[in-house]
Amino acid sequence: MSVVRGMAVKHFVLALVVGLWLGVSLPARAAGTFFTTPQVLKEFFPKSERVSYRKVKLGPAELAAVQGRLGYKPAKPEYVIFVATTGDHVDGYAIIDEELGQHEQITFAVKLSPQGVVERHEVMVYRESYGQEITDARFRRQFQGKTVKDAVRAGVDIDVVTGATISSRSMSLGVRRALVLLDELILKPELGAPKG
């Protein structure tokens, strides 16, 4: 009797090893790429004549201002801010950034109006094996209309997705950072620029 069980166990183990080697028994991962940079910019600004970008370095003054408003030091010393224009008119801005989920970086994009209001939020690359619910439109729509004056905090003015708590918080941090970066690095300097 034990020999038969031993043979059955050996066959099962052999089948499991072969299955794992072939990738048959591996669980599906939730990770996925939803947009490339050109794709998301085309989605954000389909009618704009041009989408250019500005690389903005955080000097000591900018770093202090951004850090003071966020409550933490941004991970990058410079950021790329995309600017969509038609003629001389600014149609809007976009910031593509990353925020750490539970284990992996989440790449996301935020579309902002010329006045700095969130118009759209997209997850571009989700690398975690769970928590992908933050890619759902219902979650992402919560960011629409948010401004730099809003808290943009998970559990405060952004509902947390069950099973994606950390990713929900990560996206709230990321969108809030995009709002502050645009305000400090683009909008405030433009307001202070002499009209000519």
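**Figure 1. The open sheet has six strands.** In this predicted model, six strands form an open sheet with antiparallel pairing. Their order is E1-E6-E5-E4-E3-E2. Strand E1 (32-33) and strand E2 (50-57) are the edge strands. Each of these two pairs on one side only. Strands of a sheet pair through backbone hydrogen bonds, either parallel or antiparallel.

**Figure 2. Strand E1 meets strand E6.** E1 and strand E6 (residues 118-126) run antiparallel. Two bridges join them. Thr33 stands opposite Val125 in E6.

**Figure 3. Helix H2 packs on the sheet.** Helix H2 covers residues 37-44. The helix touches E2, strand E3 (78-86), E4, strand E5 (105-112) and E6. The direction of H2 makes about 160 degrees with that of E6.

**Figure 4. Thr85 sits in strand E3.** With a relative accessibility of 16%, Thr85 counts as buried, because the cut-off for buried is under 20%. Leaving aside neighbours within four places in sequence, Thr85 is in contact with Ser48, Glu49 and Arg50, and also with Val90 and Asp91.

**Figure 5. A salt bridge joins Arg69 and Glu184.** The two side chains meet at 2.7 Å, N to O. This pair links distant parts of the chain. Arg69 belongs to helix H3 (residues 60-70), and Glu184 to helix H5 (residues 165-192). They are 115 residues apart. Arg69 is partly exposed, at 27% relative accessibility. Glu184 is buried, with a relative accessible area of 13%.

**Figure 6. A salt bridge joins Glu99 and Arg177.** The N to O distance is 2.8 Å. Glu99 lies in strand E4 (residues 89-100) and Arg177 in helix H5, so the pair ties together parts that are 78 residues apart in sequence. Both residues are buried.

**Figure 7. A salt bridge joins Lys111 and Glu119.** Here the side chains meet at 3.4 Å, N to O. Lys111 is buried, its relative accessible area being 16%. Glu119 counts as partly exposed, at 34% relative accessibility. Elsewhere, salt bridges that share partners join Glu43, Arg120, Glu122 and Arg140 into one network. The structure holds 13 salt bridges.

**Figure 8. Val152 has a positive phi.** The angle is about 50 degrees, although Val152 is not a glycine. Val152 lies in the loop between helix H4 (137-140) and H5. Val152 counts as buried, at 2% relative accessibility.

**Figure 9. Phe44 and Phe45 form an aromatic pair.** A search of the whole structure finds three aromatic pairs. The pair of Phe44 and Phe45 is edge-to-face. Centre to centre, the rings are 6.1 Å apart, with 90 degrees between the planes. Phe44 is buried at 2% relative accessibility. Phe45 is buried at 6%.

**Figure 10. Phe139 and Phe143 form an aromatic pair.** This pair is edge-to-face. The distance is 5.5 Å centre to centre, and the planes make 80 degrees. Such a pair counts as edge-to-face because its planes are over 60 degrees apart. Phe139 is buried, with a relative accessible area of 3%. Phe143 is buried too, with a relative accessible area of 0%.

Notes. Residues are numbered from 1 along each chain as its sequence is written. This is a predicted model: local features need pLDDT of at least 70, side-chain atom pairs count only at pLDDT 80 or more; totals for chains, interfaces and linings use all residues. Side-chain values use heavy atoms; hydrogens and water are left out. A salt bridge is a side-chain nitrogen of Lys or Arg within 4 Å of a carboxyl oxygen of Asp or Glu. Helices (H or I, at least four residues) and strands (E, at least two) are DSSP runs, numbered from the N terminus. Buried means under 20% relative accessible area, exposed over 50%, partly exposed in between (1.4 Å probe, protein chains only). Two strands pair if DSSP finds at least two bridges between them. Contact means heavy atoms within 4.5 Å. Axes are lines fitted to C-alpha atoms, for helices over the stretch in contact, and angles run from 0 to 180 degrees between N-to-C directions. Rings of Phe, Tyr and Trp (its six-membered ring) pair if their centres lie within 6.5 Å; planes under 30 degrees apart count as stacked, over 60 as edge-to-face and the rest as tilted.
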